[in-house]
Amino acid sequence: MADCIFSHSYLILLCPLLSFILIGLKFLRSDNMFVGKFAITLSAISCGYALLTALTYFVAVMGHGHSLPYPEKIALDGAWLNFSPTLTANMGIYLDPISVMMLVVVTVISFLVNIYSVGYMKGDSSFNRFFALLALFSFSMLGLVVSSNILQMFVFWELVGVSSYALIGFWYEKPSAVAASKKAFIMTRFADAFFLLGILLVSFQAESFSFQTLNSPETAALLNTNFLFAGLSMNLLTLATLLIFCGGWGKSAMFPLHVWLPDAMEGPTPVSSIIHSATMVVAGVYLTARMFPLFAASESTLFIIQCIGAFTALFAAVIAITQMDIKRILAFSTLSQLGYMIFSLGAAKVCAEGGHHESSVNLLGYSAAMYHVFTHAFFKCMLFLGAGAIIHAVHSNDIMKMGGLKSLMPKTYWSLLFACLAIAGVFPFSGFWSKDAILLSALQSGHYITFLVGLVTGGLTAFYMFRFFFLIFHGEARSELHEVHEDPWMTWPIMILTIPTIFAGLLEHFFVANVVPPQLEEVVHFTHPGWLPWLATLAATLGIGGAWLFYKNGKTEAAARLKSIFGPVYIVVYNKFYMDEVWLFITHRIIFAYIAAPIKWFDRHIVDGSMNLTGWLLQVGGKGVRLAQSGQLQFYLGATVIGFIVLLFLG
């Protein structure tokens, strides 16, 4: 029975693909409500089959204890591209704990976002086009998570990039939306170029694209050699794993490649919701987890991953404190939470203590990262959907123009309160458990600075999320409110998401016990210090208390005084440390001026010039031949005589 369910798991991908094809080709001009219900139906079938697959998979695994009869299941497999007699890429469906978990997350979020979008996109002239692109986006992400090899993953990886480009720039009449979509596309393609180099390097050495082969100790040993480059000694394993990680670096918008993500808020809010919770940005974390056994073989790679994740978590949280746009606050919050996930994966390597644990891996870092992907997906999706409902009511993204919405939107108020408590890490909400596991993994592995960064970031997260909450719902309205109501199409998905937001903490033990990386044998286990949950709770309480102190009842006077005291610092942080300007300087003043311009000159004058010269010579030669082939006998005889005379003189 289990094998039958697994062998038809292609239905999970087929439903959104059918939805995209049929709406895009056949129903594009059909009635909006029919298209909405059609998309919801296919999304529900996909979600239902994903839940059935997950249930079957985990019952089979848990039913056999730690023997794990289906730790890695290839549900479908077939030859796809044959590059050489020893190197073939297959196309298949790969089921393991993290891919099955992601199937559930993506399909559940996609289903709820489809329902929500019927209310949010009502009246939009491109209603049907939106649902077609949303289905393509879901299909791309589902294909990415079940890919059986890294080349197949790269194909779906790029498809995710293309569909996100179309959705971020969905309202293409707005220049800002077009600019945002181009920015996201170019930044992620820049990172993907390194990702492709990493794929080629690793696959060429291992003669395989398969994850099982690439993640094996044999491949790590094969790559673990040094070579000289420009006089410097480099390790091939570190280079290859860092190149692959570059793909996740861009996709998950880690510093300094984060600048595209806040601008991506130009897309419709349901798009922001699915990008931030279940699809595009999570793909980078997923790639890092998928290749974790190979990454873990290089201590330098995991250290760099840890540093990037920890810095991004703190950096984004600091910026989120000052932002006024409701969606940009959530965007920086996503960056910060992604930093948590990334540094948790990087911190899985245990610090050497007198050489005792030099090559050990703490499995909790891996499990905790995946657990936070799971819990974060639900409360972040809810926060974005709630933000969309509020924007509908206020007709503004500025939180300083909100306030007083508690009594007008009670269902949204209570739902978002639970989401804010969860992301702040308050007991017993889901975020508390996953953040606690991440902090514990950093502490256990001896990464004390990363642990402190995580703790401080947790306090900042609680502060900016409750600043967001108090300014939106409490106090008096700070601008004229339009007809405020809670559309059932939009409110029900938000309310449903409160269930996993509150209760997903019950799955902590399950994740820690079952969602572990494959093919890692040398691991260590530690005890859980009892004071850690209290310390994490204290950080969250201080953050919420600070937000209450400055923004209680929607008041902003105390915050304004603090802002004037820290004037120059506040301006720098509010302007996101001028990272956009830095990138503009790098691209316009350096890359365009000193790299692109000489290349353009070479292309125009040397490449095009040589082609033009060749064409001109052929044209002139053709004219000469036409003159010579005039058909006049006297000319031919004269030319022959002259030719003989010339030959006689030449001897």
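Biologist: Where is Tyr578 placed, and what makes it partly exposed?

Modeller: Tyr578 is in the loop between helix H26 (567–574) and helix H27 (579–628), a helix being a DSSP run of H or I with at least four residues and a strand an E run of at least two, numbered from the N terminus. Its relative accessible area is 33%; buried means under 20%, exposed over 50% and partly exposed in between, with a 1.4 Å probe and protein chains only. The value of 33% therefore puts Tyr578 in the partly exposed class. Bear in mind that this is a predicted model, in which local features need pLDDT of at least 70 and side-chain atom pairs count only at pLDDT 80 or more, while totals for chains, interfaces and linings use all residues. Residues are numbered from 1 along each chain as its sequence is written, and side-chain values use heavy atoms, with hydrogens and water left out.

Biologist: What is the phi of Tyr578, and of His395?

Modeller: Phi is near 55° for Tyr578 and near 60° for His395, in each case a positive value in a residue other than glycine. Most residues other than glycine have a negative phi.

Biologist: Which residues touch the most other members of the largest nonpolar core?

Modeller: They are Leu144, Ile390, Phe466 and Phe468, in a core of 192 residues; such a core is a set of buried Ala, Val, Leu, Ile, Met, Phe, Trp, Tyr and Cys residues joined through side-chain atoms within 4.5 Å. Helix H17 gives the most to this core, with 20 residues. Phe468 touches Ile326, Ile329, Leu330, Leu383, Leu416 and Cys420, again not counting residues up to four places away in sequence.

Biologist: How do you know whether H4 is roughly parallel or antiparallel to H5?

Modeller: The axes of helix H4 (residues 97–120) and helix H5 (residues 127–145) come within 10 Å and cross at roughly 175°. Angles under 35 degrees count as roughly parallel, over 145 as roughly antiparallel, 65 to 115 as roughly perpendicular and the rest as oblique, which makes H4 roughly antiparallel to H5. The axes are lines fitted to C-alpha atoms, for helices over the stretch in contact, with angles from 0 to 180 degrees between N-to-C directions. Among the residues making this contact are Met102 and Val106 of H4 and Phe130 and Leu134 of H5.

Biologist: How do you know that the span of helix H28 agrees with its 18 residues?

Modeller: The expected span is 1.5 Å times one less than the number of residues; for helix H28 (residues 633–650) that gives 26 Å, and its end C-alpha atoms are 26 Å apart, so the two agree. The number of buried residues in H28 is zero, so this helix lies largely in the open.

Methods:
Contact means heavy atoms within 4.5 Å.
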